[in-house]
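I opened this notebook to keep track of what I looked up, one topic at a time.

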Amino acid sequence: MSFVIVSLLSIVLTQIYGRTNLDPRVDLLPAETLLVHNRVRAEVGVGPMVWDFKLAAFAQNYANVRSKDCALQHSTDEMYGENIAAGWLKSKESMSGPIAAKLWYGEKKFYNYQTNKCSGMCGHYTQMVANQSHRVGCGHVRCHADTYLWVVCNYAPRPMGDENTRPFVLALALFSVILTPAYGLPKVKPIDDVQPEQTLAVHNEIRAAVGVAPLVWNETVAAYAQNFANKLAKAGKCAYTDMRHSGGPYGENIAAGWVQPEDQMSGPIATKYWLTEKPNYDHATNKCKDVCGHYTQIVANQSFSLGCGSYRCHDNELIWIVCDYYPMPMGDANTRPY
């Protein structure tokens, strides 16, 4: 049985969005939605936001509430800023997370920075560029027999102030516009995101829990993983839908996540995410009731060495982790990982 692994992202998204007939990567497109937000913010010199999975879960919970009517009504919770959009699904310019963000951006022409007034609806736009908000997370739902898509994005912290409070300060913004394209977020070496010693330690704690011998770090395998990561980066493969395996001679796990203040994506964090699949694996039957291939690769007793690589994209905001395992576990449907 081959243990070539599918992407971790499906686990994270399933936990947040639930099992429905929707695919968040197709309707919501989190990476692209965030990118549109940050391009809009960069125009006025406001720093980039990061994707927040807790906000996304909040947004999705409210989207589920609206699943019966898709009404353009805001949630009653005033803890976060909130934008809503809806539209029909069609062959061209179909409603999606990025399209919703572009619609909100269309309100820019109604906002006058000098007077801090709106000549038409502009609240969605001012929320997008609010410098008090640093994080965003979105949800969605389909209704009307899957022909209509409803999108909600929540923002934290929620902008506060009175009618005289501008969403951003233009004097600072002009300076930031000069700096952001040139410098972006600080450059980070791949090894800083991989954290080899910590990543190996987390793997071996997981293996020890089921009595499997520890892995060792393999520089040859790590070089392979980093070379694959570099190829993805060079090709601009940054969207979640671009998540692909190398198809090489090793077992492989892949994960991706945003730069954020806590639990930022890294080698150890990716490994802990893969561990969340453990409840899905039944050793007695050797069956998975849900995705569990990342976990079974970690504990596979046929693999005895590990190497990982990483790359960043979207101006260093999205971190990809690739871990490869040697030897690749082999067998058939009856072969247990340990």
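Before anything else I wrote down the term I would need: a disulfide is a pair of cysteine sulfur atoms within 2.5 Å. I also noted that the model is a predicted one.

**Entry 1: the disulfides**

I asked how many disulfides a search of the whole structure finds. The search gave me five, and I followed up some of them by residue number.

I looked at cysteine 138 and cysteine 153, whose sulfur atoms lie 2.0 Å apart, so that they form a disulfide by the cut-off of 2.5 Å. This link has an angle of 100° about the S-S bond and is right-handed. Cysteine 138 belongs to strand S5, which covers residues 135-143, while cysteine 153 belongs to strand S6, which covers residues 148-156, and the pair, 15 residues apart, links distant parts of the chain.

Next I looked up the disulfide that joins cysteine 118 to cysteine 122, with 1.6 Å from S to S. Cysteine 118 counts as partly exposed because its relative accessibility is 44%, whereas cysteine 122, at 2%, counts as buried.

I then turned to cysteine 288 and cysteine 292, which form a disulfide with their sulfur atoms 1.7 Å apart. Here cysteine 288 has a relative accessible area of 43% and is therefore partly exposed, while cysteine 292 has a relative accessibility of 2% and so counts as buried.

**Entry 2: the nonpolar cores**

I wanted to know which residues have the most contacts inside the largest nonpolar core. That core has 42 residues, and the ones with the most contacts inside it are Trp51, Met95, Trp104, Val136, Tyr155, Phe168 and Trp320. Another core, of 21 residues, lies apart from it, and among its members I noted Ile206, Val299, Cys323 and Tyr325.

**Entry 3: a buried glutamine**

Last, I looked up glutamine 297, which has its place in helix H12, covering residues 293-298. Glutamine 297 counts as buried because its relative accessibility is 0%. I also asked which side chain makes a polar contact of 3.2 Å with the side chain of glutamine 297, and I found that the partner is serine 303.

Methods. Residues are numbered from 1 along each chain as its sequence is written. This is a predicted model: local features need pLDDT of at least 70, side-chain atom pairs count only at pLDDT 80 or more; totals for chains, interfaces and linings use all residues. Side-chain values use heavy atoms; hydrogens and water are left out. Buried means under 20% relative accessible area, exposed over 50%, partly exposed in between (1.4 Å probe, protein chains only). Helices (H or I, at least four residues) and strands (E, at least two) are DSSP runs, numbered from the N terminus. A nonpolar core is a set of buried Ala, Val, Leu, Ile, Met, Phe, Trp, Tyr and Cys residues joined through side-chain atoms within 4.5 Å. A polar contact is a pair of N or O atoms within 3.5 Å; within protein, one must be able to donate a hydrogen and the other to accept it, and residues adjacent in sequence count only if both atoms are side-chain atoms.
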